[in-house]
Amino acid sequence: MAKPIKMITALGTPLTADEDLHLPGLEAHIQDQLAHSINGFLVAGTMGLMQLLKESTYRQLVEQSVLFNAGKAELLVGVGDTSFVRTRDRIRMVEDFDIDGVVVVAPYFIKFSQEDLIDYYLSLADLSSRPLYLYDLPQTTGTKLEVGTVLRLAEHPNIHGIKCSDQFVTIRPVIDAIGDEFRVIVAQPNLMDVLLRSGVYEHLDGIYGLVPEWIEKMVATTESENWEELALVQRDLSELLRILISFSAPLFASVTVLLNMRGIPGNFAPRPIRPLTAEERVQLLEFPLIQKIFADKSVSSVEV
């Protein structure tokens, strides 16, 4: 296998009842991932709900993530905001920390043209002292980074890659055109087995935080070319995603319950996201797959 496999967890942000950073929760979250050979983190990405955090909490999140990670895994930080000046100020806030790059989601709230986006990203790349990564998330931002735009931006020496959460077919032309010269990190948790077998080795998602042992197993089965076992893990991962997306309660509130079940304290669903009701919590934990996740663990649920 010529290229190493990169599994990057989009970390959640554990909060106290006052929505300050929950330091023991963050440390436990990071150490849990490192213990299962996760070799990259995205801090303050979509899973980390950067846009819902206080500025002081955001800064502390980056600072403490660097300390708890201690250089063990690649550490990327989400900085994308609604305008050039707001994103610029976030870059300036975090670039003095020992991070490996900044990740910039397309600006949202107002629609921008592709020419607007090219100017936006080139200007940010010029001023950032850290490698900059594009982040394509059209289902949330309402703005698509088109292939031509990505290829144009890839020419900038400080734009090192893209995190693509859109369908894989939309980023495949970039891979074909540039190859290994430009990092393409995909968020395709329902297709990981297919993509790993095809040689797509850079993956990132928030679901990894809930079951890092499954992600570790996917790497091992890929390296050993045990495709049957890889497919079985993929089946469980896809079912977990289906449960969380289709469940009646808010996604981040469900994530909070499951991370707490892993022994990771804190609330990962800031207001106005409501917590699970007692009845919803019981329903969530009654799913056979959820019971399977915790069947061989000594579960001691913790909360904020």
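A: A salt bridge here is a side-chain nitrogen of Lys or Arg within 4 Å of a carboxyl oxygen of Asp or Glu. Side chains of opposite charge can pair when their charged atoms come close. The model is predicted, and side-chain atom pairs count only at pLDDT 80 or more. With that cut-off, the structure holds 20 salt bridges.

Start with Arg183 and Glu202. Their side chains meet in a salt bridge, at 2.7 Å from N to O. Arg183 lies in strand E7 and Glu202 in strand E8 (residues 202-205), so the pair ties together parts that are 19 residues apart in sequence. Residues under 20% relative accessible area count as buried. Arg183 has 19% relative accessibility, so Arg183 counts as buried. Glu202 is buried too, at 7%. This pair belongs to a network: salt bridges that share partners join Lys6, Glu74, Arg183 and Glu202.

Next, Glu55 and Arg90. The closest N and O atoms of this salt bridge are 2.9 Å apart. The two residues link distant parts of the chain. Glu55 is in helix H2 (residues 55-69), Arg90 is in helix H3 (residues 84-94), and 35 residues separate them. Glu55 is partly exposed, with a relative accessible area of 40%. Arg90 counts as buried, at 5% relative accessibility.

Asp180 is exposed, with a relative accessible area of 69%. Lys3 is partly exposed, at 32%.

Now the fold around these pairs. The protein has 13 helices and eight strands. Its radius of gyration is 19 Å, close to the 19 Å that the globule rule gives for 304 residues, so the protein is as compact as a globular protein of that length. The C-alpha atoms fill a box of roughly 50 × 45 × 35 Å along the principal axes. Of the 304 residues, 56% count as buried. Among contacts between residues at least 6 apart in sequence, 72% join residues at least 24 apart.

The largest nonpolar core has 105 residues, and Tyr121, Leu134 and Phe182 touch the most other members. Leaving aside neighbours within four places in sequence, Leu134 is in contact with residues including Val103, Val104, Tyr121, Leu145, Ile159 and Phe182.

Finally, helix H10 (residues 227-246). At 1.5 Å a residue, its 20 residues should span 28 Å, and its end C-alpha atoms are 28 Å apart, which agrees. Its buried residues include Leu230, Val233, Leu237, Leu240 and Leu244, along with the polar Gln234 and the acidic Asp236. The cover over the buried residues of H10 includes helix H8 (192-197), helix H9 (212-223), helix H11 (251-261), helix H12 (278-285) and helix H13 (288-295).

How values were computed: Residues numbered from 1 in each chain as written. Predicted model: local features only at pLDDT ≥ 70, side-chain atom pairs only at ≥ 80, totals over all residues. Heavy atoms only, no water. Core = buried A, V, L, I, M, F, W, Y, C linked by side-chain atoms within 4.5 Å. Buried < 20%, exposed > 50% of the residue type's maximum accessible area, 1.4 Å probe, protein only. Contact = heavy atoms within 4.5 Å. Helix = DSSP H or I, 4+ residues; strand = E, 2+ residues; numbered from the N terminus. Expected span 1.5 Å × (residues − 1). Rg over C-alpha atoms; globule rule 2.2 N^0.38 Å.
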